[in-house]
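This briefing accompanies the structure shown below.

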Amino acid sequence: MGKIGLIIKREYITRVRKPAFIVMTLLGPLLFAAITVAPVLLSQFSDEVKTIAVVDTTHYFFSALKEKETEKIKFAYLPHELYANTKKNLDESEYYGILYIPIAANGTFKTVENGTTFESRKNLGLGVQSYIEDVLAEEIRTQKLQASDIDPALVKETETRVNITATMLDDTGKNEEKNSGLNTAIGFVLGFMVYIFTFLYGAMVMRGVIEEKTSRIVEIIMSSVKPFQLMMGKIIGVGLTGLTQFLIWIVLGTIISGVAQSMVMDKYAAKNVAEQMQPGSGKKMDAASADAADEKQEATNTINAISNLPVGRIMFAFVFYFIAGYLLYASFFAAIGGAVDSETDTQQFMLPITLPMVFSIVMIQFVLNNPDGPVAFWLSMIPFTSPIIMMVRIPFDPPMWQVALSMGILVVSFIGSTWLAGRIYRTGILMYGKKPTWRELGKWLFYKG
C-alpha cells in the first residue's frame with residue numbers, strides 16, 4: 001500500500017471508530033424521522049376535543065355545523081336565553097367557547113358574514129377558525145343558491161378538478177409518464193443533500209488539517225510523506241467516512257420508512273373499516289368512497305411515476321456528484337486549513353468558497369421552474385454549482401450529453417483545483433504565526449520546489 005493509501009486508512013479508521021460517528025450514524029435516520037413524524041403525532045395527541053357552544057339566532061347553520069364536526073371539534077346547541085349566563089360562567093362550563101351567529105337582516109347574510117363572533121377564554125387557533133369559516137361559507141352559499149331556485153347539488157357536480165398527466169416522448173415516440181411534483185421533491189432533496197454533505201465533510205477536512213498543524217504532529221508526518229500526499233490522503237479518507245455514513249443512513253432510512261408506511265396504512269385501513277360500520281352513514285360512505293377512489297388514483301399515478309423514474313441514473317449521478325463535488329470543495333478547505341493557524345482565521349477565506357454553494361441553493365427554485373432552461377443548463381455546467389444544480393435536474397431526465405459534459409467539466413476542475421490547493425497547502429502547512437492574505441496565497445502558487 002502506498003503512502004496515500006496508508007493516510008487514507010488512518011483517516012478512515014480513526015474517524016469511523018469515534019463514538020460521535022457511531023452515535024450519529026445510528027441515530028441520524030431516527031432523528032430525521034422524529035423531526036418529520038413528531039409534529040404530526042404530537043398534533044394528534046396534544047389537541048384536546050373542543051366542544052363549541054353555538055348560539056344560532058338564524059336557525060340555519062347549527063345543523064350544518066353539527067354534520068361537519070370532527071373528532072377534535074364538536075358543536076352543541078345553546079339557546080339564546082342561556083347565552084348571557086353561559087358567557088359569564090364560561091370557565092365553569094363544558095364549552096371551549098361560544099360561537100354567536102347573528103340573525104340575518106332583511107333576508108340577507110351580511111350580518112352573518114361580518115358579524116359572527118367567537119368568545120372564549122383561550123385562543124381559538126387559526127385551524128379551527130378557518131374550519132368554522134369554511135363550513136359557514138358553504139352553508140351561506142347553499143342558502144343563496146336555494147333562494148335563486150338553483151339546485152346546490154347540481155352546482156356541486158359542476159365543481160371539477162383536472163389532473164394533467166405529463167408525459168415525455170422518447171426517441172422511439174413512446175410516452176413515458178412523468179410526475180412534476182415528485183420530480184421536484186426528489187430534485188430538491190438530492191440537491192440539498194449534496195450541499196449539506198459537501199459542506200459538512202469539507203469543513204471536517206479543514207478542521208482536521210488545522211488540528212494537526214496546531215499540535216505540530218504534521219511536522220513529524222511531513223518527514224515521511226509529501227504535502228500533496230498528506231492532503232489527498234486526508235481528503236479521500238474523510239470522503240470515504242462520509243460515504244460510509246451516508247450508505248448506512250440509506251439502509252436504515254429505508255427500513256424505518258417501510259415500517260412507518262406499514263403502520264400508517266394499517267391505521268388508515270382500520271379507520272376506513274370503522275367508518276363504514278357506523279350505522280346511518282350512507283351519504284358519508286358515498287363521499288368517503290369517492291375520496292378513497294381519488295386517493296387510490298393519485299397513489300396509482302404516483303407509483304407509475306416512480307416506476308418510470310431513472311432510478312439507476314439518479315443513484316449513479318448522486319454518488320458521482322457527491323464524491324466529485326466533495327473532492328472539489330474539500331481541496332479548497334484543505335488549502336485553507338493548511339494556510340491558517342486557527343479556525344477563527346478561516347473566516348476571510350470561507351466566503352468565496354461557500355458562496356457558490358449558497359448561490360446554488362438559492363437558485364434551486366428557479367431551476368425547478370424551468371429545469372431545461374438556459375439558467376439551469378449553464379449552472380449545471382459551471383463546476384462550482386453543477387454538483388447541486390445537476391442533481392436537481394437529474395430526476396427530470398436531462399439529455400445524456402449534458403450530464404456527460406457536466407461530469408467531464410467537474411472532473412477536470414477537480415484535478416485543477418487539487419493542483420492549486422496542493423501548491424498552497426505545501427507552503428502553508430509548515431508556516432506558523434502569520435496570518436496570510438489573498439495576495440500571499442497567490443504568491444504561494446508560484447513558489448518552486
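The accessible surface of the protein amounts to about 26,100 Å², and carbon and sulfur atoms account for 64% of that area. The model is a predicted one. Of the 449 residues in the protein, 37% are buried. The secondary structure consists of 17 helices and 6 strands.

**Nonpolar cores**

- The largest nonpolar core contains 69 residues, and those with the most contacts inside it are V205, L230, I235, Y321, Y326 and M391.
- Helix α12, residues 311–339, supplies the largest share of this core, with 17 residues.
- A second, separate core is made up of 17 residues, including V54, I73, I132 and L136.
- In soluble globular proteins, nonpolar side chains tend to be buried together.
- Y321, one of the residues with the most contacts inside the largest core, touches V194, Y326, S386, P387, M390, M391, V403, S406, M407 and L410 when its neighbours within four places in sequence are left aside.

**A335 in helix α12**

- A335 is located in helix α12.
- Its relative accessibility is 5%, and A335 therefore counts as buried, the cut-off being under 20%.
- Apart from neighbours within four places in sequence, A335 is in contact with A421 and I424.
- Between A335 and L420 there are 85 positions in sequence, yet their C-alpha atoms are 8.7 Å apart in space.

**Helix α6**

- Helix α6 runs over residues 126–147, and its 22 residues should span 32 Å at 1.5 Å a residue; the end C-alpha atoms are 31 Å apart, so the two values agree.
- The buried residues of α6 are V128, I132, V135, L136, E139, I140, Q143 and L145.
- An α-helix has 3.6 residues a turn, so residues three or four places apart point the same way.
- Two of the buried residues of α6, I132 and L136, also belong to the second core.
- The partners against which the buried residues of α6 pack are β1 (50–56), α3 (62–67), β2 (73–77), β3 (97–101), α5 (110–115) and α7 (152–158).
- After α6 comes D149, which has a positive phi near 60 degrees.

**The four-stranded sheet**

- Four strands form an open sheet in the order β2-β1-β3-β4, and their pairing is mixed.
- The edges of the sheet are β2 and β4 (117–119), each of which pairs on one side only.
- On average, neighbouring strands of this sheet are turned by 30 degrees against each other, with direction ignored.
- The pairing of β3 with β4 is antiparallel and extends over 3 bridges.
- Y100 lies opposite T117 of β4.
- Helix α6 packs on the sheet, where it touches β1, β2 and β3, and its direction makes about 55 degrees with that of β2.

**D397 and its loop**

- D397 lies in the loop that links α15 (386–393) to α16 (400–428).
- The phi of D397 is near 60 degrees, which is a positive value in a residue other than glycine.
- With a relative accessibility of 24%, D397 counts as partly exposed, because that class lies between the buried limit of under 20% and the exposed limit of over 50%.

Conventions:
Residues are numbered from 1 along each chain as its sequence is written. This is a predicted model: local features need pLDDT of at least 70, side-chain atom pairs count only at pLDDT 80 or more; totals for chains, interfaces and linings use all residues. Side-chain values use heavy atoms; hydrogens and water are left out. A nonpolar core is a set of buried Ala, Val, Leu, Ile, Met, Phe, Trp, Tyr and Cys residues joined through side-chain atoms within 4.5 Å. Buried means under 20% relative accessible area, exposed over 50%, partly exposed in between (1.4 Å probe, protein chains only). Contact means heavy atoms within 4.5 Å. Accessible areas come from the Shrake-Rupley method with a 1.4 Å probe; for residues, only the protein chains shown count as cover. The expected span of a helix is 1.5 Å times one less than its number of residues. Two strands pair if DSSP finds at least two bridges between them. Axes are lines fitted to C-alpha atoms, for helices over the stretch in contact, and angles run from 0 to 180 degrees between N-to-C directions.
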